[in-house]
Every structure is written in C-alpha cells, then in structure tokens.
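I opened my notebook to look through a structure one piece at a time. Here is what I looked up, in the order I went.

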Amino acid sequence: MAAIKKLKAVKIEQNHLLGIQDISYSQVSEILNQAKAFITLNRSDSKKIDILRGKTQINLFFEPSTRTQSSFELAGKRLGADVMSMNIVNSAIKKGETLIDTAMTLNAMHPDIIVIRHQDSGAPNLLSQKVNCAVINAGDGIREHPTQALLDALTIINRKGKVEGLKIAICGDILHSRVARSNIYLMNMLGAEINVVAPKTLLPHSIERLGVKAFTDMKKGLENCDIVMMLRLQNERMHGSFLPSAREYYEYFGLTPDKLKKANKDALIMHPGPMNRGVEIDTNLADDINRSLIKEQVELGVAVRMACLKIFCKRN
Amino acid sequence: MKEKYLINARIIDPKNDLDEMGGLIIDSKGLIKAVGKKVTNGNIPADVDKIDLKKQVLIPGIVDMRVFVGEPGYEYKENFRTLSNAALAGGVTSVVSMPNTSPVIDNVSMVDFLKRRGRDKSRINIFPSAALTKNTEGKQMTEFGLLKRKGIVAFTDGVKTVQNPQVMARIMNFASQSESLIMQHAEDNIMSEGGLINEGEISTRLGLKGIPSLAEKIIVERDLSFLEEYFCRYHISQISSKKTISVIKKAKNEGKIFTTGVSINNLSLNENDIGDFRTFLKLSPPLRTENDRQSLVEAINDGTIDVIVSDHKPEDEESKRLTFSQATTGATGVETLLPLSLELFHNKSVKLNKLIASITINPAKILGINKGTLEKGNDADLCVVDINKPWVVNKDELKSKSKNTPIEDRKMQGQILKTFVRGELAFERV
C-alpha cells in the first residue's frame, strides 16, 4: 500500500486586503505593529515620509464616504504616494460602464494600489481578479470593512494593552453592518469573547456560527463587557419595518448610562461613525472623554491605513 | 429511409419496466417497430441498416421540461439551432421552451412563429409553453383554450410567480375548463426581495441578502390550498428545500393530485459551491444547504418529486461578468442533464430506472405528450449512452451558445454516444 504523502501546510500570503476572513494572524500582527509606528509619526510635526514615493494610489469610492475616503487619502499622501480619488458621480460608471471595464481602464494607468468601496458585496474580489495591483477593500456591501476592524483593534490595544481575553459587545444593526462582520472575524482571531446585541429583525441568519453569542436583551449582552461597540442605525431601516420607531429602538437598544452600568466599570465605548445621537447612543456618553474612544478611532484610522498601504503596496 | 436495426444494447424503458439486453427496430417512417430481447443479431433482413450498440445503454430520448431559448429577442444568448445542438449532445430530444422571451409568448401569433422557427432551425421536438399571464405581469390571464389548441403544452410565467392570490385562484379555476397544465415557479417576491442566495450562514458570511426557503414554501402552500377548491392540472416547476418537501408529502397523503419538479442543479450542487462569488451559481431557486440537497435526492427516490429538469438558462458573458448582485440568474444545463443525473446513480443515491423515468416518461405523462417511452408505434426518439464513460466538463466544448455552465471542470461518469430523433441519427459522438 502506497504511503499517504503528508501535505505541508502552505501559507498563501494574500496580495490584496479583501477582508479579515482572507488574511492570516501574522498579517494582522504585521499591520498592527506597523501601524503603531505610524501613530508617533502622525503626532509629530513633520508627518510626511517618502516610502511610497513614485507609487500611485487610486481611491475608487462608489458609495459616499467622508471619513474613510479622507483617511485613505491622507494616509497615502503622508507616505509620499500620488493619490487620485475618483469622483464616481461624474464618471463613466454612471454612464453604464461595468466594474470590470472600469478596472481594465484604471489598470492601464499602472496604479500600484486601488482602494475600493462598493455597494455590492464581493466587488473588491471581482476587481482584484482583473487588475495587476493590490486592492484594498474600504467597505463592500454588507460583507466586510477590514480597515475599520483593524483600526478598532489598534484602538483597543492602545488602551487595554491587548485584545485577547477581553469581552466585547457589538450592538445595533448587525444585519446590515460590514463593520460588525469584520470586527467579529478579527476580534475572534485575536482571542476576544464577543456578544452581539440587536433586535431579532437586525440579527443575520446563523450569526452564532461566526463564533459569537447573540442577545436581544441589551443589559444581558453588556454584562461584564470591556468594550461596547455601537453601530450606526441607518434611518431607512426604521421605515423598512425592521423596527417600529427610533423611540422604541432607543428605549431597548440605545446605549444609556443605565445600560452601561451592566458592563465593567472601566468599559470603553466605540463607534465607527457617523453617529445618530439619541438613537443608538446617549449624547453625553458619546462625548465622555473617559469612556468614549470615538475620536481616537478616527486618529488611529489614518495610521492603520498607512500600514495597510505600505504592506500591500510593497507586496506587489 | 431504410429500416434500422439497433442491436446488442441494454434497453431501459421505465414506462414498461423494461431493462434487458436486446435490440430495437426503426421502421421506414422513423417509428419504433419492435423493441426488446427478441430483436437480435440472428433475425436481421439483408437490406437494412444494422447498428451494433456494443452493449451500451439505450433509453428513450430525454424530455426536458424547463429550457430557455433566446428566440425571439435574445438570440445572442441561444437560438434554436444552438439549443438543438446542445440538446442532442445531451440525449435530449424534446424540450418545453419557457415563454420569457422578448416579446413574451403570450398570444396565438407568437406560437406560430415559435413553431415555425423550431421546426426550421432545430432537429429536436420543441414543445412551447406560453405565459400564464399577459407579459408575465401576473395580472391578466392568457387565452388558455386558444393557445392550447395552437399547440401550447403548458402555461407558466417561467422565472416569475403569480403573486396575487386572487389572480392565481381564478387562473386555476378557469384553466380546468380547457384542461390546461399550469406550471408555477414557486417564490414569494416580497419575501425574497433583493435576495441573491440561500439565507443562512453563507449569506451572512458573503454579505449577500438571503432568500428564505419560506418564500418557496408559502407559495406552494397557497397554491395547494387553491387546488382543493379549484382542481386543475397543476405542476410545481422546481423546488429547492426540505421544508417544501414536507408540504408536498402532506398534500399527497391527503390525496391531492399534482406533480413536482426539481432542477438537476439543486440535486448536485449546494450553496457552498458559490465559493468566492461565482456568478454562474447564481440560480433561481437558489442552491441551498447540503441537508436540503440530500432531502431532494431522497424525494426523487420516494416519488415525492416526479421530474428532473435542466433549467437550461443560457446567459452571455456580459450578464455574468458583474458583481454577484448585478449578475443575471441562471445556468446552462441541457447538455449535461443526463450525465449529471447519472452521478446520483453512480453514488448509489437513486436507482437507474427511477432516474431515467424522471427525465423521460414522467415529464411526458405530465405534459400529455406521446414521448419518453420505447413503445411500438412511437417516434423513434432515442438516446444511446455509455453510463460509465469518464470525462471532464469543459465549457468550450459544450454546444450551447452561452458558456455559463455551473459545473465547469467537474469530473463526470457517463456520456451520450448517439441521439436519434424520429428515427434519424441526429447526433453521434466521435
């Protein structure tokens, strides 16, 4: 009988950052370590270095975005890359060009990295198959938003020293949230325990299979948590009969001092922004500098994106 | 035409419980003259064509109840000639064409066009279906009586479901008068709105909106309730989930008379095959869980499901080279219907006789057409198949004009060698 040949575990390094699901622990560590170095740089007087000099970065945003797009733009510029942000409203895509054709056109301009945000889940994957440069997902449909999760992890590590062993509650519209999905994958990978808290109509099917505990009672879901991540409730959900009203939602799922008491005393609050004050979060809590990490998230976002640009640009 | 003696074959004809070594005689008009073990090498007259089938399997030509043709309107996806070539290479000699063309097949003048094109451009038998409602809008029923007289074998809105319960109840009530066959694609549009794949862990991970199996179940439940009040010839085009199977079983136990189909795709693939957003596996009904798939296979075995269809839906590259949510639904399949079905035989899930019945005599019976069997006097529509021949699916070798096969690179066991239509050898693999 022929001996069965043992297969060696082959590690395939991804050339693109399409989602947390697709990258390894060591890649995550590399990104986070690199980002830490950039925090200091970003706080210094001279913020610009030239490690991406001569490289071209294209930001392709099919959905409106303020913070993610400006964060990526700033990140590229601080590293010395030539950054071009495509304005989709005036582009050929509005005239019916397909994503693949757009990809081919841009590819012919020899970019080194394309940052894409798209309303369809999987669009960055499709793009990555058609171009010769690195693709970074800046949010696709309701699938993934990997750099948001990475910056959240960095923010947590910055305050708590590590993610491992922490208990994290992710609260709100999980169903429509790419931020929630990416955070679930990443925080799981880094060894946190995760609760998701949402009304049943906003919990995705089989969410427990992603390695979380689901709660519809916010107070129970927040018990002994170290981190409370709030998600934005998109107003259109209120009219799609997912929920009766913003008032009812706030009553049961809005983060208030009363509900926050269930979490650990030193629990910190996060939010990917933009916030709906008085809908998902009490306005005083959002501004509480001792509890809220919201501003810090934005700051570290630039550092994380610089790290991603550097690492994935280099790889190609 | 000379008489043909097909000898030395394993003849399988589920209608007559026939599975024996023997031969088949085709008379000079292309009809079956005799079949069975009595037709041997020993008793052949001199002036006939003798074809030695070398112990391969001879079955009735396959009847595929659900095929989309691009004519009229979408000739660039598939025309009658390319469809015919694909079907013949798959041993399919009769198809029911869906009415979702441009314009929609919903009036008598369109039927004449279809029949003429089908006759002139294809070598297979085209049995056209017509829309249930005008322009498949789900509002105004079509002229069942007049259309049926013109040769329409079934009525269906194809890819669409009649949503309005009152309209559907009236359709079923009215259709009984002309004994028209109603075929429903069961999907509640409101439940499945924006849905792309099966609702479950995969849809959550891929971030694609799910289609709950309830969307199928509630339409089946609704229509079967109507059937109690308004009896007509009713067929569920294709089901996809375990939940629906239990509804069907219950109704059959209560004595309701209707029939059910399933797509070969739902019998041989599951939601995991979608992988990294493969748009060729965007199907309707969607691929569901492995558990659902196994239940569907079991339902073929126990007779809950009567028919297997290819759900052949050719789509050009431009309709598929898009993000998953923008891509068109559907996959080709007429050429691979039998080989893919044979997987279920080779892995011992379904008996060969049962499998062949579900693509020959069962659909023929439901449609009320004289096909799907090797009876004396019938058209000699035949398929010769090597049920063990290994081969690998390569989209460029398939004959359909569109290349959207969901089983590219799949290893198959069983290949069609010859196809006869009305006694003529219409396809031979070299």
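Before I start: two residues are in contact here when heavy atoms of theirs lie within 4.5 Å. I also remind myself that this is a predicted model.

**Entry 1**

I began with B:Val385, which I found in strand β16 of chain B. Is B:Val385 buried or exposed? The cut-off for buried is under 20% relative accessible area, and B:Val385 has 2%, so I wrote down "buried".

Next I asked which residues B:Val385 is in contact with, leaving aside its neighbours within four places in sequence. My list reads B:Gln56, B:Val57, B:Leu338, B:Leu342, B:Gln415, B:Ile416 and B:Leu417.

**Entry 2: a four-strand sheet in chain A**

I moved on to chain A and traced an open sheet of four strands, in the order β2-β1-β3-β4, with parallel pairing. Which strands stand at the edges? They are β2 (82–87) and β4 (134–140) of chain A; each has a single partner strand, so one side of each is left without a neighbour in the sheet. On average, neighbouring strands of this sheet are turned by 15° against each other, direction ignored.

I then looked at a helix that packs on this sheet, α3 (residues 99–107) of chain A. Helix α3 touches β1 (56–61), β2 and β3 of chain A, and its direction makes about 160° with that of β3(A).

**Entry 3: a closer look at β3(A)**

Strand β3 of chain A covers residues 113–118 and pairs with β4(A) in the parallel sense over five bridges. One bridge I looked up has A:Ile116 with A:Asn137 of β4(A) as its partner. β1(A) and β3(A) also pair in the parallel sense, over five bridges. There I noted A:Gln57, whose bridge partner in β3(A) is A:Ile113.

How many of the six residues of β3(A) are buried? Six of the six are, so I noted the strand as largely enclosed by the rest of the structure. I sorted the buried residues by face: A:Ile113, A:Val115 and A:Arg117 are on one side, with A:Ile114, A:Ile116 and A:His118 on the other. Both faces of β3(A) are therefore down in my notes as covered.

**Entry 4: a five-strand sheet in chain A**

I found another open sheet in chain A, with five strands in the order β7-β6-β5-β8-β9 and parallel pairing. Its edges are β7 (213–215) and β9 (268–270) of chain A; each has a single partner strand, so one side of each lacks a neighbour in the sheet. The twist averages 20° from one strand to the next.

Inside this sheet, four bridges join β5 (residues 167–171) to β8 (residues 227–230) of chain A, and these strands run parallel. I found A:Ile170 opposite A:Met229 in β8(A). Helix α5(A) packs on the sheet and touches β5, β8 and β9 of chain A, its direction making about 165° with that of β9(A).

**Entry 5: salt bridges**

A reminder to myself: side chains of opposite charge can pair when their charged atoms come close. Over all chains, the structure holds 36 salt bridges.

I looked up A:Asp22 and A:Arg143, whose closest N and O atoms are 3.4 Å apart in a salt bridge. The pair links distant parts of the chain, 121 residues apart: A:Asp22 is in the segment before α1 (25–43) of chain A, and A:Arg143 is in the loop between β4 and α5 (146–160) of chain A. A:Asp22 is partly exposed at 28% relative accessible area, whereas A:Arg143 counts as buried at 3%.

Within it, B:Lys250 and B:Glu254 have their closest N and O atoms 3.7 Å apart, and B:Lys250 is exposed at 56%.

**Entry 6: a surface patch**

My last stop was a nonpolar surface patch of about 210 Å², made by B:Met191, B:Leu214 and B:Ile218. B:Leu214 lies in helix α6 (residues 214–229) of chain B and is partly exposed, with a relative accessible area of 36%.

Key: Residues are numbered from 1 along each chain as its sequence is written. Chains are lettered from A and ligands numbered from 1 in the order in which they are written. This is a predicted model: local features need pLDDT of at least 70, side-chain atom pairs count only at pLDDT 80 or more; totals for chains, interfaces and linings use all residues. Side-chain values use heavy atoms; hydrogens and water are left out. Patches are made of residues with over 30% relative accessible area and no salt bridge: like charges are joined within 9 Å, nonpolar side chains (Val, Leu, Ile, Met, Phe, Trp, Tyr) within 5 Å. Accessible areas come from the Shrake-Rupley method with a 1.4 Å probe; for residues, only the protein chains shown count as cover. A salt bridge is a side-chain nitrogen of Lys or Arg within 4 Å of a carboxyl oxygen of Asp or Glu. Helices (H or I, at least four residues) and strands (E, at least two) are DSSP runs, numbered from the N terminus. Buried means under 20% relative accessible area, exposed over 50%, partly exposed in between (1.4 Å probe, protein chains only). Two strands pair if DSSP finds at least two bridges between them. Axes are lines fitted to C-alpha atoms, for helices over the stretch in contact, and angles run from 0 to 180 degrees between N-to-C directions.
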